[in-house]
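Here is a friendly briefing to read alongside the model. Keep the structure open and follow the topics in turn.

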Amino acid sequence: MVGEKDKCRYNQDQAWADSINFVQIVLALKHLKAVNKYFWKYRYRFIAGIFFVILSNYFQVLAPEITGYVVNKLQEMLPGAKPVAHSVREHDGLVNWFIGWVNTMNFGKLVVVCSVTILLLALARGVLMFFMRQTIIVMSRHIEYDQKNEVYSHYQKLDAGFYKTHNTGDLMNRMTEDVSRVRMYTGPAIMYLINLVSLISLCVVNMFRKDVHLSLIVLAPLPILAVTIYIVNTVIHKKSEKVQGLLSDLTTNAQESYSGIRVIKSFVQEKAMLGFFSANSEAYRKNAVSLAKVEAVYFPSMTLMIGLSTLITVLVGGQMALRDPERNIGLIVEFVMYINMLTFPVSAIGSVASMMQRAAASQKRLNEFLQTEPVIQDAPAATATPLKGDIVFNNVSFTYTNTGIKALRHFNLEVKEGQKVLLLGKTGSGKTTVAQLLLRFYDADEGSITVGGVPLQKMKVQQLREQISYVPQDVFLFSDTIGNNIGFGLQEAASQELLEQSARYASVDNEIKRLEKGYETMVGERGVTLSGGQKQRVSIARALVKDSPVLVFDDCLSAVDARTENEIINNLYRFLHQKTAILITHRIFTALNFDQVIVLEEGTIIEKGTHEELLLLNGYYAELYRLQVSNERGEA
Ligand SMILES: Nc1ncnc2c1ncn2[C@@H]1O[C@H](COP(=O)(O)OP(=O)(O)OP(=O)(O)O)[C@@H](O)[C@H]1O
């Protein structure tokens with residue numbers, strides 16, 4: 001068995017191995033190509049941002065040159081000092097012009113003018129940095145917005161099969177976590193990257209222009225600093241991911257304990273739950289402490305590295321000046337300023353690299369998802385056909401690919417326009433599958449489904465679904481008002497009259513009106529919690545409000561009592577007068593005179609006929625009927 005220490009050692013080794021795998025990082029970056037279209041969309045903002053970053057850095061590197069010049073001037077004033085030679089090549093064009101202007105002033109005035117100039121440069125930098133954030137960071141927010149919309153609209157396109165194979169947490173993560181990680185790339189990472197490339201280039205060019213030898217010596221520790229920071233950053237990142245994960249376990253654990261408090265108490269499991277919580281809490285504590293230790297080392301070691309570079313500059317530069325009195329001291333001051341200036345960009349290399357790495361991993365996940373094409377799509381020749389005529393299932397077979405379960409086998413059914421059909425069968429016999437195939441949540445593997453002779457594949461999916469009112473088995477209400485939940489399927493806002501009429505048909509109107517806010521009552525999280533039966537009836541009302549020619553009710557009366565069930569069936573009898581309806585159920589509804597009753601078993605029809613015919617057949621239906629009648633008598 002691997003011990004705790006070995007595991008820890010393994011994790012550390014792994015972190016080091018991962019962190020130095022630069023090739024992998026570079027390869028991973030190809031996934032980020034997908035966001036280039038957004039950079040193009042916001043190109044003017046982006047170009048302006050790059051310009052502001054470069055200009056701000058240019059102003060920043062002017063300050064050491066001016067400071068160096070002032071120090072040299074001071075050196076010249078020391079007793080016995082020789083004038084310091086200024087080579088035009090040594091300075092930036094703007095600095096040369098500035099030196100030409102101030103050189104004739106007396107020393108006092110020169111110092112004041114140079115100080116004010118340095119102050120003005122700092123102010124200008126501040127303004128430019130403001131614009132830099134206003135352009136690049138704002139651009140990243142726009143991209144984040146566009147990308148969230150892109151992901152969301154793709155979710156809407158994908159079909160039922162996709163949702164069965166992906167869990168909600170994973171889907172939510174792509175919308176939130178992955179998109180915000182990509183934003184860290186399109187915003188801060190890109191900004192820091194342009195910043196560090198431009199600042200390092202400007203500083204290094206200036207340093208080499210002045211003293212190649214000294215430059216090589218003082219710059220030597222910086223790459224070591226960059227790599228060290230990158231490695232430590234990766235370790236910190238991995239540790240903080242782990243701490244985050246443990247924290248989320250802890251929160252879920254606590255949340256479940258609160259929600260399931262009645263079960264915990266009734267099963268007297270408080271102690272066990274506490275033990276479980278303590279174990280989670282201990283794991284979190286250990287990892288959080290370990291993260292704090294690495295973070296504690298991080299900043300002091302960074303400061304040490306920078307201090308070392310400054311020390312080398314002063315030491316080597318000072319010795320050079322001692323050996324060669326011609327050398328100017330201003331150069332040493334200038335180099336110390338450059339080194340301090342380089343600290344931030346060099347230390348940012350690590351965090352920029354890990355931000356890009358994380359963004360690439362997130363974008364890879366997003367790309368995989370965005371490239372998933374919905375299986376159910378409109379055929380090129382599909383038309384918006386009105387749903388008229390008989391519904392025919394002709395020799396239909398269907399297997400769920402994810403489980404390999406054959407839900408329908410050579411299923412044949414003909415529902416004449418305006419007929420009411422009862423689809424009955426044991427659980428798992430394939431009833432819901434019939435409804436889902438009719439709505440084209442899936443396509444049949446074999447056989448065909450036609451409405452009025454037109455195959456479903458020749459109709460536009462959206463129009464097909466618009467013309468079918470479907471009450472699914474799992475009731476789902478949105479966190480919105482009851483009225484909005486009922487009117488959900490309508491293109492325009494439903495009139496109060498229509499809402500009430502549908503609710504009356506679904507036998508829920510009276511109960512809604514008894515609520516304090518009536519149809520304006522919020523459902524869900526912070527609203528009123530409706531009972532299972534009430535929710536079912538609200539979802540029936542939602543289907544009825546659409547007034548479609550075809551209705552499919554999937555086991556939607558399972559949570560209502562027998563009296564309400566009869567009331568709804570009677571109402572439906574009136575409502576469904578001209579319409580085609582398929583009612584899926586486990587129970588027999590005697591109140592409604594069905595044109596056909598179909599009994600399914602393991603995906604095939606075992607009985608078919610009217611209520612009377614099936615009673616005479618004396619099979620599954622007749623037995624279920626007798627059982628139900630005797631139960632009802634027993635209850636009465
Ligand atoms: N999304 C799915 N993925 C894989 N298998 C599924 C899926 N939905 C249903 N099945 C399987 O297909 C078979 C038929 O399921 P279906 O939901 O059509 O039955 P049902 O008669 O409506 O059952 P119930 O009355 O319990 O709702 C079952 O064995 C079920 O396990």
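**Helix 12 and helix 13**

Helix 12 and helix 13 (residues 329–370) pack with their axes 10 Å apart, at an angle of about 160 degrees. Axes here are lines fitted to C-alpha atoms, for helices over the stretch in contact, and angles run from 0 to 180 degrees between N-to-C directions. Helices (H or I, at least four residues) and strands (E, at least two) are DSSP runs, numbered from the N terminus. Please bear in mind that this is a predicted model: local features need pLDDT of at least 70, side-chain atom pairs count only at pLDDT 80 or more, and totals for chains, interfaces and linings use all residues. Residue numbers start from 1 along each chain as its sequence is written.

- Helix 12 passes helix 13 in a right-handed crossing; a crossing is right-handed if the near helix is turned clockwise from the far one by less than a right angle, and left-handed if anticlockwise.
- On the helix 12 side, the contact includes Met302, Ile306, Gly317 and Gly318, while helix 13 contributes residues including Ile329, Phe335, Asn340 and Ser347. Two residues are in contact if their C-beta atoms, placed from the backbone, lie within 7 Å.
- By class, this contact of helix 12 with helix 13 divides into 10 nonpolar, eight polar and no charged residues. Ala, Val, Leu, Ile, Met, Phe, Trp, Tyr, Cys and Pro count as nonpolar, Asp, Glu, Lys and Arg as charged, and the others, Gly among them, as polar.

**Other helix pairs**

- Helix 10 (residues 221–259) and helix 12 (residues 270–323) have axes that come within 9 Å and cross at roughly 160 degrees, so helix 10 and helix 12 are roughly antiparallel.
- The crossing of helix 10 and helix 12 is left-handed, and their contact has 25 nonpolar, eight polar and four charged residues.
- Helix 4 (residues 43–77) packs with helix 6 (residues 107–157) at an angle of about 165 degrees, their axes 8 Å apart, which makes helix 4 roughly antiparallel to helix 6.
- Helix 4 passes helix 6 in a left-handed crossing, and the contact holds 25 nonpolar, six polar and three charged residues.

**Two domains**

- An automatic or database domain assignment gives the bounds: domain 1 covers 30–370 and domain 2 covers 391–635.
- The C-alpha centres of domain 1 and domain 2 lie 59 Å apart.
- Five residues of domain 1 are in contact with four residues of domain 2; the domain 1 side has one nonpolar, two polar and two charged residues.

**Around the ligand**

- The ligand is surrounded by 16 residues, the closest being Tyr400, Thr427, Lys431, Thr432 and Thr433. A residue counts as near if its C-beta atom, placed from the backbone, lies within 6 Å.
- Strand 2 (405–415) and helix 14 (431–438) are the elements that give two or more residues to this shell, and helix 14 supplies the largest share, three residues.
- The shell residues divide into three nonpolar, 10 polar and three charged.

How values were computed: Angles under 35 degrees count as roughly parallel, over 145 as roughly antiparallel, 65 to 115 as roughly perpendicular and the rest as oblique.
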